[in-house]
Amino acid sequence: MIAEIGQFVLILALVIAVIQTAVPLVGAHRSDTALMRVGSTAAIAQFILLLISFSALTYLFVTSDFSVSTVARNSHSAKPMLYKVSGVWGNHEGSMLLWALILAFFGATVAIFSRNLPAGLRARVLGVQASIGVAFLLFITLTSNPFTRLSPAPADGQGLNPLLQDPGLAFHPPFLYAGYVGFSMAFSFAVAALIEGRVDEAWARWVRPWTLTAWMMLTIGISLGSWWAYYELGWGGWWFWDPVENASLMPWLSGTALLHSAIVVEKRGALRTWTVLLAILTFGLSLVGTFLVRSGVLTSVHAFAVDPERGVFILLILCFFIGGALLLYAWRAPTLKAGGIFAPVSREGGIIFNNLILVTACATVFVGTLYPLALEAVTGEKISVGAPFFNATFVPLFIPLLIALPIGPFLAWKRGDLLGAMQRLIVPLGIVIVAIIATYVLQNGGSILVPLAIGLAFWLIIGPMAETAFRIKFLRVPFSETLRRAANLPRSSWGMMVAHLGVGVTVLGIVAISAWRVEQIIVMSPGSSTEIAGVTLTFNGAKQRRGPNYSEDAGSFTVTEKSGRAYPMEATKRVYTRQSMPTTETGIHYYFDGDLYIALGDRHEEKAGAYTVRIYFNPLAPWIWFGTLFMFFGGAISLTDRRYRIGAPKKAKVKSKTMGVQAA
Amino acid sequence: MKTILKLAVFFVLGWQLSALPARAVEPDEVLQDPVLEQRARVISKDLRCLVCQNQSIDDSNADLARDLRILVRERLKKGDTNSEVVQYLVDRYGEFVLLNPRITPHTWILWFAAPVTLLLAIFWLFRASRRRKAQMQKPPSALSEAEQKRISELMQGE
């Protein structure tokens, strides 16, 4: 019964989405307020219906109703409750329903929170947003119905992939999707603006909170995935340049570019057409990501050719929306008014530099990910494009951007003063030089690249702080005045500082783990010990244990520090009974300066009770993910900025004069 | 196999995976000479485990990856240079074994598409800014007679 209700409201949501596409767009065309108002009501209705549908599927998973095919294939009665719930989106059908739900959620927020949007623009945004909903709801009902019944129902389910039975990964997909789908708002705003033929400062102000929200979610989603790979896959890698990761990195890169170029539109009215194009491309890349992951084309070109139904459908959605939007763009963009002019060295110039690098980096990832597929499809020739390729192309491209990052916010709009900016950065520059020399001395010679990279990380952390210190006249005026200025500094400005220094924190973690990781791969017998990174690690032997739906070999270790303090650690090797699939549960002890990381390997064939053990010391590893948290909270702080809360499309002329420049 | 596992995470269609989590280099493979071993690790990171997806033989626990790791170490012990070892493997398994493809005509697009895009974008920006500047410097065109007349009319009207 519940499955049928879920199915029924899903179809109802599709019908509502069709109405939400057609009526407001016609209404906006005829300037008919009554028709336009239908958009908001429909958006809220569509969201509620999809919420009911999604709740129905969740209920089926929680109660383990194996008469439903999706549940039978992806759940199991013995599974812990958390994974029964996360199992809802841990499969193709459920995750597509989540996609549609988030899409409708964003549409509903426009209906609820954007009362002050001009009625025409709001109607068009809702219409375009709903048209994407129509496409995906059709996709779900025609090719991926989550409510299909099985007859006869099996006694128990096949279980969720063990790798998904992990708290970190349970919440990875919702964040990732919120990011992917969130960029649909930027797309809808861009297409609506093209239809209206008007892109101005007010438009940029409305579109930015959505872009920022999507970007924050995507940042956390990618970060969770990377952290999971780090502790779960058992050898301490944190980024693999694997096509699935690249699929999420591409929209992140172009979304970051979009976030910045929209500032220029909002503040200076320049870069309008470019920003609209970026908004279209960013959502396009989200769709490309969905296509790559959902179609099976990554496993092999042949697998895709054998069962192309879903892949071709998503490809059609992709071509229709992105092709259509680009056509509209080609037609309407030339009519958009060009904005203010500026010198090459200026805040605008800096953001163009940012966009240039981010978009090229994105193109590098795009070509690197898709070229092998294209080459094989066209010529049948197989080549490999892996981590070494991206390290050789992406990394050198990104470094100039990182060097320029702290300088940009010091440049004034229209015409900046590079020398002046560098003078204001003299303190960070001094600290960077000390850091480089100190690193060089501490590492006892060796490659100069590592100290330079550490210097870059310090530059990225201290530079943004120096910018804020300059704004609030830290140490240059009485402290009470500094406090007053700090209180008056726009939240977006604080957000920018936090997000930018987060980049530095991440870079510091990356440099440290790449340069100074210590690795030992040894066979350990019970009672034997080894030394790594200043601690002594003793293996106490492994014993068999049973969990709710797995059995495991649990290796027990004792770590003794130089000070004499000792603590236990555990690293296990699990086999999930239902799938007879092994996973590693690594033991990680977090120190301030890095992680002690143990992965239990195979049992030795001859020596009794001995195991292969992989031990790593990963310096500053957690900083990689701390940095992304900084980026997330930077975005969050910026989101609370006054001008988004009041939302009135007035230019705060007086304010911007006294504040000089305010940035993201 | 790591990649396959990661893919599985995304599509999880009830696949039965025979793959183990990556456990890579085993203790018995490691060479006595640390310099040679270090070279072997560097080379291994750029070689694909042919039966895996996008994974180097250094990270993979597949049997084939193990055989290749041992092969690399044997070649090194025989005195091959790094590039000789790589060439030996390319001769045996083809270009597919390289995770970092060589620059040859069929990988031109791969290697040069992004840099060329960047150069074109810079060129275009440069031209656009020149054009803008030229437009700015052009003196405003003189008023036509009709405009002159209208102005004097307005002035007189004051």
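**Exercise 1.** In what order do the five strands of the open sheet in chain A stand, and is the pairing parallel or antiparallel?

*Solution.* The model examined here is a predicted one. Reading across the open sheet of chain A, one meets the strands in the order β2-β3-β4-β5-β6, and their pairing is antiparallel. The next step is to look at the edges, where β2 (529-532) and β6 (581-585) of chain A each have a single partner strand, so that one side of each is left without a neighbour in the sheet. Neighbouring strands of this sheet are, on average and with direction ignored, turned by 25 degrees against each other. Inside the sheet, β3 (residues 535-546) and β4 (residues 550-560) of chain A are joined in the antiparallel sense over nine bridges, and Ala542(A) has Gly555(A) in β4(A) as its bridge partner.

**Exercise 2.** Describe the nonpolar cores of the model, beginning with the largest.

*Solution.* The largest nonpolar core holds 215 residues, and those with the most contacts inside it include Ala100(A), Phe136(A) and Ala457(A). Helix α9 (residues 201-232) of chain A gives the most to this core, namely 19 residues. A second core, separate and made of 18 residues, includes Val535(A), Phe539(A), Tyr597(A) and Phe617(A).

**Exercise 3.** Decide how compact chain A is for its length.

*Solution.* Chain A comes to 23 helices and nine strands. Its radius of gyration is 27 Å, close to the 26 Å that the globule rule gives for 664 residues, and therefore chain A is as compact as a globular protein of that length. Buried residues make up 55% of the 664 residues in the chain.

How values were computed: Residues are numbered from 1 along each chain as its sequence is written. Chains are lettered from A and ligands numbered from 1 in the order in which they are written. This is a predicted model: local features need pLDDT of at least 70, side-chain atom pairs count only at pLDDT 80 or more; totals for chains, interfaces and linings use all residues. Two strands pair if DSSP finds at least two bridges between them. Helices (H or I, at least four residues) and strands (E, at least two) are DSSP runs, numbered from the N terminus. Axes are lines fitted to C-alpha atoms, for helices over the stretch in contact, and angles run from 0 to 180 degrees between N-to-C directions. A nonpolar core is a set of buried Ala, Val, Leu, Ile, Met, Phe, Trp, Tyr and Cys residues joined through C-beta atoms within 7 Å. A residue is buried if 20 or more other C-beta atoms lie within 10 Å of its own, exposed if 12 or fewer, and partly exposed in between; C-beta atoms are placed from the backbone. The radius of gyration is taken over C-alpha atoms; the globule rule is 2.2 Å times the number of residues to the power 0.38.
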